[in-house]
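Hi,

Here is the structure I said I would pass on. Have a look at it first, and then read my notes below.

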Amino acid sequence: MRFRPTPPGARTEPPPTDDAAAWIAGSVNDTWFTEPPEVVIDRDEIIIWGRVNQPELGADASDADRAAAQAGRINQFREDTRDDRIRVARQVEHRYQRKVAWGVRCGDTSELFTHLSAPVMTRLRQPERQVLDTLVDAGVARSRSEALAWCVKLTGEHSEEWLGELRSAMAKVDEVRRQGPA
């Protein structure tokens with residue numbers, strides 16, 4: 001077999017991430033989160049979600065007070081751990097060749113810190129473009145790009161069970177391929 005160099009501009013697959021969740025759990029400071037971090041991976045980005053302790057408030061605290069306290073706790077975590085999170089992110093990016101983002105949950109509040117917004121090229125026929133244009137014209141989205149992102153998010157929310165089954169089936173196919181003849 002002859003060696004063929006990767007052509008300029010061609011996309012190469014990043015390394016496998018089978019051990020990423022465990023590796024990240026081992027690299028994150030044990031005092032940061034109340035439970036092991038949730039690691040969400042796609043071909044472009046790794047998001048590390050962690051849950052922090054809720055602030056103690058009196059029994060008479062309102063929902064607005066709780067939301068403000070949770071947002072404050074998340075902001076404090078972000079500031080206190082910035083340098084260490086950058087160090088961990090650099091290691092993860094080098095090991096798995098994907099960008100890293102951090103998200104924190106506190107009670108009912110979730111915040112995703114700086115994360116990747118990847119352009120995706122698509123071809124749409126007029127009926128699909130009209131859907132996007134309607135969303136823009138109605139003020140639901142500022143652009144076709146934002147309207148498409150909104151549609152994808154909405155579809156994902158309403159078909160999560162089906163998407164989960166599909167991902168599970170794809171994982172089984174990958175396992176069968178790995179077990180196949182060499």
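This is a predicted model: local features need pLDDT of at least 70, side-chain atom pairs count only at pLDDT 80 or more; totals for chains, interfaces and linings use all residues.

Let's start with a term: a charge sits over a ring if NZ of Lys or CZ of Arg is within 6 Å of the ring centre and within 35 degrees of the ring normal. Here, Arg105 has its charged end over the ring of Trp49, 4.1 Å from the centre.

Residues are numbered from 1 along each chain as its sequence is written, and side-chain values use heavy atoms, leaving out hydrogens and water.

Back to Trp49: it is the bridge partner of Glu38 and lies in β2. Helices (H or I, at least four residues) and strands (E, at least two) are DSSP runs, numbered from the N terminus. β1 and β2 (residues 45–51) pair in the antiparallel sense over 4 bridges; two strands pair if DSSP finds at least two bridges between them. They form a hairpin with 3 residues between them.

Now the rings. Rings of Phe, Tyr and Trp (its six-membered ring) pair if their centres lie within 6.5 Å, with planes under 30 degrees apart counted as stacked, over 60 as edge-to-face and the rest as tilted. The structure has 5 aromatic pairs. In one of them, Trp23 and Tyr96 are edge-to-face, 6.4 Å centre to centre with 80° between the planes. Trp23 is in helix α1 and Tyr96 in helix α2, 73 residues apart.

Are those two buried or exposed? Buried means under 20% relative accessible area, exposed over 50%, and partly exposed in between (1.4 Å probe, protein chains only). Trp23 is at 26%, so it counts as partly exposed, whereas Tyr96, at 1%, counts as buried.

Trp32 and Trp102 have ring centres 5.9 Å apart and planes at 75°, so this pair is edge-to-face too. Trp32 lies in the loop between α1 and β1 and Trp102 in strand β3, so the pair ties together parts 70 residues apart in sequence. Both Trp32 and Trp102 are buried. Ring pairs also join them with Phe33 and Phe77 in a cluster.

Have a look at these in the viewer and tell me what you think!

Cheers
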